[in-house]
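Subject: Structure for your review

Dear colleague,

Please find below the structure that I am handing over to you. I would be grateful if you read the notes that follow with the structure open beside them.

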Amino acid sequence: MATTPLLTVRNLKKHFPVKKGMFGKTVGHVKAVDDISFYVNHGETLGIVGESGCGKSTTGRVLMRLLEPTAGDIQFDGKDLTSLSAEEMRKTRRDIQMVFQDPYASLNPRHTIGKILEEPLIVHGMSDSIERKKKVQDFLEVVGLHAFHAKRYPHQFSGGQRQRIGIARALMTNPKLIIADEPVSALDVSIQAQVLNLMQDLQKEFNLTYIFIAHDLGVVRHISDRVGVMYLGKLVEIAPSEQLYEKPMHPYTQALLSAVPVPDPDFHKERLLIEGDMPDPAAPPLGCAFHTRCPYKMEICTTDIPQLIEQHTGHSVACHLYGSQGDNDIKQMEGSL
Ligand code: SF4
């Protein structure tokens with residue numbers, strides 16, 4: 001494994017203006033992605049998890065520059081993506097592909113699967129149509145379909161098959177990084193496992209790196225090497241998968257995990273319930289954005305934004321319960337008992 005990460009993201013922000021009135025005056029901003037930093041190593045899978053509206057899908061789109069970042073730095077495979085021209089970025093997209101949640105919505109219903117899969121090859125300059133058709137047939141088989149499926153239309157496939165087509169389309173340009181945005185959320189549980197297994201097999205076969213976005217910690221558990229948890233535009237915890245699931249540190253991660261069903265009926269885990277709804281992203285709470293729902297809220301949480309601080313090797317958390325200030329508070333509390 002190379003030592004330099006394939007992708008390094010620093011202080012990434014995506015703010016959307018909130019406009020009001022006849023003249024569309026900007027009255028505020030929704031901080032959909034608010035100053036997040038992370039990296040993804042070659043060949044690994046980083047899961048990004050959080051409730052809907054936390055900014056995880058926006059992050060995926062900003063990385064592809066389908067949305068322009070408000071600020072921040074995206075280094076991918078030795079290139080600074082934020083400084084590339086539109087044309088340079090178009091060429092770079094052959095190395096970064098996306099798989100979407102709803103394959104049906106992302107496949108043109110009037111085109112055959114063959115045409116859909118050939119399109120990225122045409123865009124990226126493969127002019128030989130025989131070569132293109134051969135590649136389409138090969139990749140249909142790689143994802144567990146058949147060469148003759150190239151003549152069919154999207155509506156002739158099941159949800160799971162359509163997601164296989166979505167994955168084949170992402171693979172057509174031999175990408176290095178695939179950003180999968182809720183790729184199995186629309187599928188039945190039994191089909192989810194098949195698609196996840198396929199993605200894992202393809203990762204080994206083609207040496208792929210994945211960013212796997214999901215709202216459910218259960219789904220990303222087995223596919224991810226590391227997992228980052230987002231809340232209201234911020235990364236609140238990031239850790240190697242095993243550590244995050246065994247010893248979650250952030251109260252929000254603990255609550256998300258306690259909502260994941262456990263298959264063993266004899267295992268009774270303590271449930272940490274979070275109260276209330278996600279706050280309005282256009283008017284997030286001051287201090288820690290989670291303080292309105294956190295059972296461990298302290299005074300400092302309502303005023304100071306906790307920074308993401310590494311607590312153990314590779315395990316960082318943004319919470320005043322840990323780190324220097326939180327430590328002092330806890331020590332003071334212990335001392336006063
Ligand atoms: Fe809860 Fe405070 Fe930690 Fe935020 S910083 S998660 S409010 S304890």
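What radius of gyration would a compact globule with 337 residues have, and what does the chain have? A compact globule of that length would have a value near 20 Å, and the chain has 22 Å, which agrees. Please keep in mind throughout that this is a predicted model.

**The chain as a whole**

Eleven helices and twelve strands make up the secondary structure of the chain. Along the principal axes, its C-alpha atoms fill a box of roughly 75 × 60 × 45 Å. Of the 337 residues, 47% count as buried. Among the contacts with a separation of 6 or more, 64% are between residues 24 or more positions apart. The accessible surface comes to about 17100 Å², and carbon and sulfur atoms account for 52% of that surface.

**The nonpolar cores**

The largest nonpolar core has 60 residues, and I167, F212 and L217 have the most contacts inside it. Another core, of 28 residues, lies apart from it and includes L6, V33, I96 and I213.

**Helix α4 and its cover**

Helix α4 spans residues 113-123, and its buried residues are I113, G114, I116, L117, E118, P120 and L121. In an α-helix, residues three or four places apart point the same way, because there are 3.6 residues a turn. Which helices are included in what covers the buried residues of α4? Both α5 (129-142) and α6 (159-171) are included in that cover. After α4 comes G125, with a positive phi near 90°.

Q192 is found in helix α7, which covers residues 189-206. Is Q192 buried or exposed? Its relative accessibility is 15%, and since the cut-off for buried is under 20%, Q192 counts as buried. Beyond its neighbours within four places in sequence, Q192 is in contact with V184, S185, L187 and V219.

E44 is found in the loop between β2 (25-40) and β3 (45-49). With a relative accessible area of 7%, E44 is buried as well. Setting aside its neighbours within four places in sequence, E44 is in contact with Y39, Q203, L208, T209, Y210, D225 and R226. E44 and S241 are 197 residues apart along the chain, yet their C-alpha atoms are separated by 11 Å.

Most residues other than glycine have a negative phi.

D35 is not a glycine, but has a positive phi of about 70°. D35 has its place in strand β2 and is partly exposed, with a relative accessible area of 36%.

L232, also a residue other than glycine, has a positive phi near 45°. Where is the place of L232? L232 lies in the loop between β9 (226-231) and β10 (234-240). Its relative accessibility is 9%, and L232 therefore counts as buried.

With kind regards

How values were computed:
Residues numbered from 1 in each chain as written. Predicted model: local features only at pLDDT ≥ 70, side-chain atom pairs only at ≥ 80, totals over all residues. Heavy atoms only, no water. Helix = DSSP H or I, 4+ residues; strand = E, 2+ residues; numbered from the N terminus. Rg over C-alpha atoms; globule rule 2.2 N^0.38 Å. Buried < 20%, exposed > 50% of the residue type's maximum accessible area, 1.4 Å probe, protein only. Contact = heavy atoms within 4.5 Å. Areas by Shrake-Rupley, 256 points an atom, 1.4 Å probe, with all protein chains shown as cover. Core = buried A, V, L, I, M, F, W, Y, C linked by side-chain atoms within 4.5 Å.
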